[in-house]
Amino acid sequence: MDLEAFLRHEEEVKQKLKRKNRPVVVMTNIIVLVFLGLFSHIIYFMVHDSKKVIANANNKRQDYYNEDIVRGNIESSDGKILAQTLTDDNGNEKRDYPYGDVFAHVVGYNEYGRSGIELTYNFDLYTSNVDIISKLKQDFKKEKNPGDTVVTTLNADLQQTAYDALGNANGAVVIIEPSTGRILAMVSKPSFDPNDIENVWEYIHTEEGQESTIMLNRATDGLYAPGSTFKIVTALEYIRENPDYRKYEYDCEGDTILYGVEISCAGNRTHGTLDLAESVAYSCNTSFATIGTGLDREKYRKTADELLFNSELPYDGEYKKSTFEINGSSDPSEIPQTAIGQGNTSITPLHNALIMCAIANGGRVKKPYIVKSIKNSNGAIVKEYKSKGSVTVMTEREADILSNMLKGVCEYGTASSYFAETEYTVAGKTGTAEFDNNGNCNSWFVGYSNVDNPDIVVSVIVEDYTSNQLSGSSVAKEIFDEYYKNR
């Protein structure tokens, strides 16, 4: 056999071996990839999901922590105790909520499945990070170690003010610091007393109480027609489609009919000739219904989606998705009501607050959060939290344009009777949204203060304004006044 034949033979053998080993190599690679995938999942679970699983109300493992650790406190950012564990002379423990029903939905309760911060941070409340000497002393005395304290971003004075401002009305309030994402207050009414959770739980499982909504956190899970607050979205889409939006002009006669749909301004008021900014300030229904019918429906849907309708919110807590149903194939008769915030559009107070945060913060929504830090029983900080990034929903220029328009609402428009004479400036939008066929309405206000360098965003929904005559603007005014009282 000559050299060339030998080399050819060797190559053939090599190729045969390669083909023979190929399934082995493939299987080996698959096993390695599966192993790496499982290993990565374990690491991700330990870092990201383990505490959530431990905190799950159905996970009985969490009950064992109670044998060695006294559940920690929950505090407001200004040092007020929102939840604590009291122990009597016989060693019996009872969870106590000093503010009763004021913080009920956001702080939650610790029995019958847990909810709110009590549930989400259950693992931290049953973790003790006291120093080793203190632990040894407690173990020697056969006493429990004190659990860590969860320090929230909530401000007790603002929470109480929002709660009181709602009075006997049902509704919700969300207050956020737009520059940081810190949630300063979250109120929902009707509420319940977590100190009496046993009787509350018994009541909602009776025939009479099963229709009750006292356990519903309206701030995050209450879906409402946005009313005229949605005109912000309609105005933004018009601005995007019409670079010459400043030339917009409309002659309001108090009512109009578009695609067979009758639209009237509040009280059949005739606004006369308006530009776009004045249409926003005076909340002219006929102007905005007319604007809506001229919009590109696909682009309208895209803008709504960019403003987080039909989308996940940048928020880690539980919430309901807001909805906007218009698309390119929608019937034109659906547009007039939709453009003024009626129709099938729905939004939560939290989401409405986030849209306002975007305008206040140059188009970016800082991811809101509700826990500031974890500290041990000696006051040493164990962990600190900050906003985890942001979502851009509009350009800085668009935010600036809308901000100027919303400032007009409070200077000479529908909210001017509340904010025109205040020492602080406010940009915002009022809204009345019908919730039945009898003309009964809910009242909205969404806005922010100190317009040039925004301090806080306030989102208010007051249910059944028609009966109680409590406006969202009046509730917001009390909150802003409290915020600036000692500043």
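**Ser346**

I began with Ser346, which is buried at a relative accessible area of 12%; buried here means under 20% relative accessible area, exposed over 50%, and partly exposed in between, with a 1.4 Å probe and protein chains only. A note to keep beside every entry: this is a predicted model, where local features need pLDDT of at least 70, side-chain atom pairs count only at pLDDT 80 or more, and totals for chains, interfaces and linings use all residues. Residues are numbered from 1 along each chain as its sequence is written, and side-chain values use heavy atoms, with hydrogens and water left out.

I placed Ser346 in the loop between α14 and α15 (349-360). Helices (H or I, at least four residues) and strands (E, at least two) are DSSP runs, numbered from the N terminus. What does the side chain of Ser346 join in a polar contact? I found the side chain of Thr323, at 2.6 Å. A polar contact is a pair of N or O atoms within 3.5 Å; within protein, one must be able to donate a hydrogen and the other to accept it, and residues adjacent in sequence count only if both atoms are side-chain atoms. Setting aside neighbours within four places in sequence, I listed Leu223, Tyr224, Pro226, Phe309, Ser322 and Thr323 as in contact with Ser346, contact meaning heavy atoms within 4.5 Å.

**Ser474**

Next I turned to another serine, Ser474, in helix α19 (residues 472-484). Ser474 is buried, at 17% relative accessibility. Its side chain reaches the backbone oxygen of Ser471 at 2.8 Å.

**Leu184**

I then looked up Leu184 in strand β8 (residues 182-189), and noted that Leu184 is buried at 5% relative accessible area. Beyond its neighbours within four places in sequence, Leu184 has contacts that include Leu154, Leu158, Ile175, Ile176 and Ile456. I also noted Ser76, 108 residues away along the chain, with its C-alpha atom 9.1 Å from that of Leu184.

**Helix α12**

Why do I call α12 (residues 285-293) largely enclosed by the rest of the structure? Because 7 of its 9 residues are buried. I wrote them down as Asn285, Thr286, Ser287, Phe288, Ala289, Ile291 and Gly292. Their cover includes the helices α10 (231-241), α11 (276-281) and α14 (335-339), along with the strands β9 (250-252), β10 (255-258) and β11 (261-264).

**Second largest pocket**

I put the volume of the second largest pocket at about 930 Å³. Of its 33 lining residues, Ser228, Ala266, Asn285, Gly431 and Thr432 are the closest to its centre. The elements giving two or more residues to this lining are β11, β17 (426-434) and β18 (441-449), and β17 gives the most, with 5 residues. On a 1 Å grid over the protein atoms alone, a pocket is an open set of points where a 1.4 Å probe fits, with protein on both sides within 12 Å along at least five of seven lines; lining residues have an atom within 4 Å of a point. A volume is the space filled by probe spheres set on the points.

**Cysteines**

How many disulfides did I count? The count is 0, taking a disulfide as a pair of cysteine sulfur atoms within 2.5 Å. Cys357 is buried at 3%, and Cys410 is buried at 1%.

**Whole chain**

Last, I logged 19 helices and 19 strands for the protein chain. Buried residues make up 49% of its 487 residues.
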